[in-house]
Every structure is written in structure tokens, then in C-alpha cells.
Amino acid sequence: MVTQIAKPTAGPGTASSAVPGPARGRLRHLGRALRPGPTGDANGAALYRRWWLPWLWTLPAIVCAAGFGVFPFLNTLVLSFTDAKPLGGVAHFVGLSNYTRMLGDDDFWLATRNSLLYALIVVPLMVLLPLLLAVLVEKQLPGIGFFRSAFYTPVIASSVVVGLSWQWLLKDDGLINTWLEKAHLIRDAIPFLSDSWLILLSAMGLTLWKGLGWYMIFYLAALGNVSKDLHEAAAMDGAGPVRRFWHVTVPGVRQTMLLVGVLTGIGSLRVFTEIYMLGSPTGGPGGQARTLPFYIRDVGLDPLSGNAGYGAAVSVALFVLTLGLTLLAQRLTRGDEE
Amino acid sequence: MRARRLTASVAGLIVLTLTAAGCGLSGGDSEDGEATAGGCKVDQQNVGSGKLTGDVKGKITFQTTNLKKDFGDFFNGVIDAFEKKYPGTSVKWIDDPGDAKFSERNVANAQACELPDVINLNKVTATALTKAGYLLNLDEKDPEAGKPFVKAFWDSSTLKDPSGADIHSVLPWYTGGINLTYNTEMLEKAGIDPEKPPTTIFGLFEDYEKIAKSAKGKYFATMANPLWRIPADWQQMDIKVYSDDGKSFVFADDPRTTEWVAWMKKLYQGGAMPKDSLSSSDDPSTPYSNGQVAYGSTNPSFVRFVKQNSPSVYKKTGVGQYPFDKLGHTTGAPQYIGTAATSKNAPTALAFAKFLTNAENQTAWCKDPNVVIFPTTTESLDDPFFTTVKGNDPFAEARKVVAEQLKTATADEVVLSDPQRNAIVAEVQLAMQGKKSPAQAVKDAQEKANELLKQGG
């Protein structure tokens with residue numbers, strides 16, 4: 001049997017010639033479908049070179065991506081040119097009016113500024129800090145498992161618990177202010193929860209705290225691939241730990257850094273929960289700490305006063321920003337490599 | 001060749017997607033003459049005129065809002081009784097957590113034509129679903145549905161349908177009421193008589209100010225976030241929030257609104273409210289139980305929370321009537337029960353909605369010793385349990401206060417969407433921080449709220 005299957009070039013029907021009855025017909029049909037291309041191939045690999053086979057294997061993924069990614073995206077794009085309401089009803093084509101409204105809307109620009117700031121501050125820190133953490137816990141020392149688990153705990157903590165814990169930390173009479181006051185570093189409490197800028201910065205801290213453990217795992221995997229020989233050679237040449245980190249470790253995990261940068265960039269532009277937890281439904285006093293997703297929820301999703309068309313236009317703007325940042329990150333990394 | 005074929009396929013997919021997206025937008029009445037509700041194809045008898053008929057049998061879903069934890073036994077009992085009364089029926093109970101994404105989840109369910117058959121709603125969501133045609137028109141489908149209810153509550157369930165006509169689309173359920181809960185010791189220290197609660201909102205603000213002066217930063221009068229007070233305070237002061245036709249906000253036209261904001265600023269900056277509570281989601285429940293604020297939540301059932309969590313503060317707790325101010329009575333904000341027009345089993349769904357809200361079940365639930373809630377049916381309110389409240393502990397006092405106010409209460413709650421309320425609150429917060437004058441904040445708040453009202457159509 002093995003010999004028969006290994007000789008597909010013998011032509012259709014050969015492999016199934018020993019099979020009697022209706023089964024032979026089915027195998028002949030399959031044989032035609034897998035027939036090698038004009039080049040022929042003695043080892044049978046050509047069976048899998050039909051142009052449509054890759055499409056066939058990836059079809060489930062393509063269907064999922066089209067259904068849950070492409071279709072909603074295109075639908076959002078179409079919606080952005082209408083005055084659709086969240087609960088349906090008749091939507092009218094309104095041309096570019098949602099986009100012109102967006103460009104003249106101060107609240108949109110405020111949310112865009114906050115989202116961009118969020119990404120600009122969080123991304124570099126989120127690329128670097130988990131790497132340092134990974135370097136710290138990489139070594140196999142007694143009890144290191146405890147620290148790895150401890151750093152990972154915020155990742156699996158519930159958002160509600162995290163929000164309450166951070167409020168408790170940041171309140172005027174919370175742990176941080178109490179410590180600072182006791183250390184005579186401040187006289188009046190720092191208004192972490194009533195100043196828009198500080199709410200934004202605190203939310204960034206929360207994002208970092210929750211993400212450190214997650215990306216630390218990425219880096220732990222990547223650090224395993226950095227050659228120990230390079231470290232040893234650098235050490236023998238007199239390079240200290242800091243120089244080895246910058247000149248051996250960082251280049252060794254560059255691709256992971258890019259991945260973390262892109263993922264964090266996308267996550268930062270989509271941030272909502274942290275602001276909501278620390279700044280209440282208004283997004284801080286005066287709504288001054290609102291980010292783009294927050295703004296989209298306010299203008300586009302409410303069943304009573306939402307305008308899904310306008311919300312979709314802002315979503316498209318958010319997509320453009322995300323795409324821009326991703327491309328920028330790729331370009332910068334490519335430039336570095338060159 | 002293959003590349004061209006692939007390009008053509010992708011282009012075809014895009015056209016198909018865009019077409020499908022376009023179809024999704026059209027909504028409204030079905031062009032092929034089929035009955036639709038909110039863009040979903042439904043059974044012909046669920047919409048239009050004529051009573052709903054049909055056998056009460058089959059499966060339905062019933063959604064409550066955050067009630068399973070405390071009242072699981074009660075609702076399981078009601079469901080069992082319904083299924084026993086109507087053999088062949090089955091009710092699947094789901095409990096929404098009622099968090100910040102409550103509206104979004106319901107919108108998504110409605111858009112997917114999968115709204116639960118029977119659903120517990122607040123007035124805002126009920127208004128939105130009725131406006132989009134997702135709830136049964138009870139005036140047509142069951143003209144007798146309103147008979148068991150107190151007139152004020154039945155009137156409050158009048159909402160606008162997609163054509164703008166007034167219809168009843170929900171059944172009133174239970175109502176909570178509003179009262180003042182305070183730490184008598186802190187009030188006395190500030191020279192306030194706990195037995196004589198203020199009768200106006202500004203009178204209450206004066207008391208807050210007295211507490212701030214006597215507390216000297218050790219505790220506060222109340223929480224700062226105006227989210228808890230808008231539009232309730234304004235409505236109590238009889239400030240007109242909407243224009244007569246409901247197409248614009250007019251609260252800024254009343255000088256008392258600016259005065260109210262000026263008071264809030266004075267109280268915030270004068271130490272009557274914790275600085276970090278300006279945009280905090282916390283209501284006063286926990287700080288009150290910890291002895292950090294003098295006034296607790298205005299929800300009468302809050303007293304139970306204090307009793308359970310802080311017996312020492314409970315002993316000092318007093319309960320008083322909420323200031324009726326210029327309105328002269330309170331405005332109830334009942335919960336409602338709606339029946340989805342998209343239900344595949346509407347007769348059963350409507351039967352269950354009526355069963356749940358009937359006098360017997362409302363009376364049984366509202367007698368729960370752990371809550372201060374009142375029924376909305378006439379027969380239930382005649383029950384001695386609600387007319388002659390016994391005892392003089394804070395919990396009993398809360399019941400008495402609400403029973404008293406319900407004699408004159410109306411239920412014409414002012415409906416603000418969350419974004420509209422947030423927009424107004426945000427401007428008031430800026431004024432409280434001194435970043436805007438109260439007059440400017442009120443003007444800007446009205447402008448932003450009007451923009452949202454306009455875009456909502």
C-alpha cells in the first residue's frame with residue numbers, strides 16, 4: 001500500500017486500482033482533486049501545490065476574520081456616512097457631515113489628545129519595564145516562582161477589584177497620600193482622583209501595573225532565545241551588566257519589543273475601563289480625562305441620544321490613528337535594523 | 001489569471017459586505033409586507049392594532065436587573081407558580097448585573113432581535129426601546145393592562161412610539177421613594193435639629209454648610225459628585241428641564257439653576273464635601289457607614305446597609321422626609337416590566353409580565369423585611385403593611401417616610417440619557433472646581449445637552 005501511495009505519477013486511478021466497488025469512485029474523485037501539477041513530482045509534494053489548497057486550509061480562519069473583523073469594519077465605514085441610530089430605524093446617507101462635525105468638535109480633539117498621550121507615555125514604558133522585570137526573574141533562584149506569580153497576579157485580577165484597590169490607594173486619605181504626608185513630603189493631599197491630568201496619569205499607571213506581568217511572559221520566552229555565549233563574550237570583553245543589557249539583550253529581543261509595542265499601542269488607544277474606574281462615568285471632572293473609546297460610547301452608543309453614524313466616524317478616526325502608530329513603529333524598527 | 005480571479009472575489013466580497021451593511025441600516029417596515037418591530041421580523045399579531053391572542057405556553061426568557069443575589073428565592077417561587085398555573089410554559093430567568101454597560105447590552109440584544117421576552121427596565125431604557133418599537137404596545141395588545149395600577153404609576157409608563165404617539169409599553173413594577181438619612185450626632189453638633197429636616201433643597205445646602213463649619217475637616221456633610229443630584233434636585237425645585245415640546249433643554253433659563261450650581265461650588269470649596277469625590281462613582285453608603293459623612297444615600301433601603309455594616313452608626317441614624325421644595329411632592333422612579341415586541345411567544349410573555357406585576361406578587365415581594373420598596377398596584381397599597389407602618393427604628397421610619405410621600409407622589413420622572421446627564425454633570429464639576437463660572441457652566445451644559453438631544457432625534 002505504501003508503495004502505491006508513494007507513486008502518484010503513475011496516473012489517476014492507480015492508487016485506487018486495488019480498491020473495489022463504490023469506494024474506488026470516491027478515491028478517484030479525490031485523486032483528481034489532488035493530481036500533481038504540470039511539473040510532476042516524484043515525492044508527492046506537488047499534491048499539495050494546488051493554488052486553492054492554502055485557501056482551503058485557511059478557510060475557517062478567513063471566515064472568522066471576515067465575519068468578526070472585516071464585516072464589522074466595513075459596516076462601521078458605511079455607517080460613518082449615515083445618521084444611523086444605535087437601535088436601528090431608517091438611516092440616511094449624510095455624506096461627509098459626520099467627519100466635518102468631528103473635525104470641528106472640541107471634545108473629539110480633547111479625547112484624541114488624551115488617547116495619543118496615553119499611547120506615547122504607556123508604550124515606551126510597557127516595552128521597557130516588562131523586559132527589565134523579565135531579566136530580573138529570568139534566573140532560576142530559590143523562590144523565584146513566587147515573584148513571577150506575584151508579578152502576574154494583576155493580569156488575572158478582576159477589573160472591579162483592581163479599580164477599587166486603586167481608588168483606595170489614590171484617595172485623598174488613601175495609602176499613597178497618607179505615606180507622603182507621614183514622610184513630610186507633602187502638606188496637602190495630591191488630588192489623584194479630582195484632577196484630570198492626574199486621573200489620566202493614574203490610569204496609565206493602572207494600565208502599566210496590569211500589563212507588566214503579561215508582557216513579562218512574552219519577554220521571558222524571548223530571553224530564552226538570546227545566546228548565552230554572546231553574554232559571556234561581552235562579559236569577557238569587559239562589558240558590565242548595563243552594556244550587556246543594551247547591546248546583547250535588547251537586540252536579541254527586538255522583534256518581541258516590536259510586538260509588545262504594537263500590541264500596547266493598540267491597547268492604549270482603546271483604553272476605557274481604567275478611565276471609567278478612576279474618573280466615573282463623566283471621565284474625570286468636566287470629562288477632561290476622556291479618551292476616544294470613552295467619547296465614542298458617549299456620542300455613539302446610547303440608545304436614547306446616541307448617533308451611531310457619528311460614533312462610527314470617530315471609530316474610523318481611531319482606526320486611522322492605530323494604523324498610523326503601528327506603521328510608525330514598524331518603520332522605526334526597520335530603520336534601526338538597517 | 002488567478003490573481004485577477006482572487007481580486008475579483010475580494011471585490012465581490014466587499015460589494016456584498018457593503019450591500020449587507022446597507023441592508024442592515026435600512027430597518028423600519030419590511031418592504032415585503034411582513035410585520036416588523038424595531039427592524040426585526042415578528043409575528044403579525046405582535047404589532048399594529050388588535051388584541052394579542054393565543055395560547056399561553058412554550059418557553060420565554062425573563063431578565064431582571066441585579067436581583068438574583070438577594071431575591072433568588074422569591075423569583076424562583078414566582079416562576080414556579082406561573083409554570084404551575086400555565087402548564088406547558090417554561091420561564092428562563094437571567095439576571096443582568098445592571099452595570100455601566102446595561103444599556104449597551106440591551107441595545108445589542110435588541111439589534112440582534114434577541115431582546116429577552118420579559119425585561120426589567122428603568123425609564124431611560126424603556127423610553128429608548130419604545131421609541132425604536134421594540135416593546136409591545138399595551139394599549140392595543142391588552143387594553144385592560146393598566147387597570148390594577150395606581151393612576152400616577154400607570155400614567156408614568158406612557159412613552160413615545162416610533163411615530164411619536166403616546167402609548168403604554170411597560171407595566172409599572174415596584175418603586176423606592178426617597179428620604180434623608182443622617183447621623184443625628186453630627187447634625188446636633190452643628191446645631192441642626194434632626195427632628196426638623198429642611199423643606200427646601202437650599203435649606204438642605206445650608207445644613208451642609210453648618211456641618212462643614214462644625215466638622216472642621218474631620219468629616220464631611222455629603223459627597224460631591226453632582227451625578228447623584230441631577231436632575232432630581234432640579235425637578236424637586238420645579239425647575240423646568242425640557243421645553244414643552246420636549247425638543248430642547250431649558251434648565252439654563254431658570255436663574256435658580258445657576259444658584260444651585262453656585263451653592264454646589266460653595267459647598268465643595270468650603271469643605272462640606274470630600275475633594276476626591278467630585279468625580280467618584282461612590283455613593284455615600286460606605287463613607288456614611290464609616291462615619292465620614294453626615295448624610296447617607298437617599299435610597300430608603302440604604303438603611304439596611306448601615307444596619308448590617310455599621311451597627312454603631314445605625315444607632316445614631318435618623319431618617320427624615322426629603323425636601324419637597326417648590327414641587328410640593330416627590331417624584332417616584334418606579335422600575336418597569338416590558339414585553340418584547342420581538343418575542344416569538346408574546347402571549348406567554350405578556351401573561352408572565354402581568355403575573356409578575358399583579359397585586360399578589362407585588363405585595364409579597366414588597367413585604368420583604370430587608371428592603372424599603374413599595375408596590376404600584378392599588379390593591380397592594382391598601383394592605384395594612386404599607387398603610388400602618390409599625391416600629392420606630394430607622395428602618396421602620398424609612399418605610400413611614402416613603403409611605404407618607406407616596407400619598408402625593410407622582411411618577412413623571414425627568415428622563416435624561418446617560419451621555420446627556422454626564423455632559424451636564426461635567427460642566428457643573430468644572431464650576432465646582434472654579435474653572436468656570438456657575439452661569440457659564442449652566443449655559444455650556446445646556447448647549448452640550450441640546451446637541452446630544454438633537455443628534456438623538
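In this predicted model, chain B is divided into domain 1, comprising residues 50–174 and 333–399, and domain 2, comprising residues 179–329 and 416–456. A distance of 30 Å separates the C-alpha centres of domain 1 of chain B and domain 2 of chain B. Across the boundary, ten residues of domain 1 of chain B are in contact with twelve residues of domain 2 of chain B. On the side of domain 1 of chain B that touches domain 2 of chain B, α18(B) gives the most, with four residues. By class, that side of domain 1 has seven nonpolar, two polar and one charged residues.

**Helix packing in chain B**

Two packed helices are described by the angle between their axes and the distance between the axes. For helix α12 (residues 302–309) of chain B and helix α18 (residues 394–406) of chain B, the axes come within 9 Å and cross at roughly 180°. Angles over 145 degrees count as roughly antiparallel, and α12(B) and α18(B) are therefore roughly antiparallel to each other. From α12(B), the contact is made by B:Val303, B:Arg304 and B:Lys307, and from α18(B) by B:Pro394, B:Phe395 and B:Ala398. The residues of this contact of α12(B) with α18(B) comprise four nonpolar, no polar and two charged.

In soluble globular proteins, nonpolar side chains tend to be buried together. The largest nonpolar core here has 122 residues, of which B:Tyr134, B:Ala221, B:Ala294, B:Phe352 and B:Val428 touch the most other members. Helix α19 (residues 418–432) of chain B gives the most to this core, contributing eight residues. Both domain 1 and domain 2 of chain B are represented, as this core draws at least three residues from each.

The surroundings of B:Ala221 can be listed individually. Leaving aside residues up to four places away in sequence, B:Ala221 touches B:Tyr208, B:Ile211, B:Ala212, B:Ala272, B:Met273, B:Val293, B:Ala294 and B:Tyr295. A second, separate core of 56 residues includes A:Phe151, A:Phe294, A:Ala308 and A:Leu318.

Chain A has 15 helices and zero strands. Of the 338 residues in chain A, 34% are buried. Among the contacts in chain A with a separation of 6 or more, 63% are accounted for by residues 24 or more positions apart.

The contact between the chains takes 39 residues from chain A and 49 residues from chain B. On the side of chain A that touches chain B, α3 (53–79), α13 (273–279) and α14 (292–301) of chain A each supply at least two residues. The largest share of that side comes from α3(A), with five residues. Divided by class, the side of chain A that touches chain B has 20 nonpolar, 14 polar and five charged residues.

One further position in chain A may be described individually. A:Ala150 lies in helix α6 (residues 144–156) of chain A. A residue counts as exposed if 12 or fewer other C-beta atoms lie within 10 Å of its own; A:Ala150 has 11 C-beta neighbours inside 10 Å and therefore counts as exposed. The C-alpha atoms of A:Ala150 and A:Leu132 are separated by 15 Å, and these residues are 18 residues apart along the chain.

**Backbone geometry in chain B**

Most residues other than glycine have a negative phi, and most peptide bonds are trans. A cis peptide bond joins B:Ile230 and B:Pro231, with omega about 5°. B:Pro231 is placed in the loop between α8 (201–215) and α9 (232–236) of chain B.

B:Lys216 is also found in the loop between α8 and α9 of chain B, whereas B:Asp238 lies in the loop between α9 and α10 (255–269) of chain B.

Technical notes:
Residues are numbered from 1 along each chain as its sequence is written. Chains are lettered from A and ligands numbered from 1 in the order in which they are written. This is a predicted model: local features need pLDDT of at least 70, side-chain atom pairs count only at pLDDT 80 or more; totals for chains, interfaces and linings use all residues. Axes are lines fitted to C-alpha atoms, for helices over the stretch in contact, and angles run from 0 to 180 degrees between N-to-C directions. Angles under 35 degrees count as roughly parallel, over 145 as roughly antiparallel, 65 to 115 as roughly perpendicular and the rest as oblique. Two residues are in contact if their C-beta atoms, placed from the backbone, lie within 7 Å. Ala, Val, Leu, Ile, Met, Phe, Trp, Tyr, Cys and Pro count as nonpolar, Asp, Glu, Lys and Arg as charged, and the others, Gly among them, as polar. A nonpolar core is a set of buried Ala, Val, Leu, Ile, Met, Phe, Trp, Tyr and Cys residues joined through C-beta atoms within 7 Å. A residue is buried if 20 or more other C-beta atoms lie within 10 Å of its own, exposed if 12 or fewer, and partly exposed in between; C-beta atoms are placed from the backbone. Domain bounds come from an automatic or database domain assignment.
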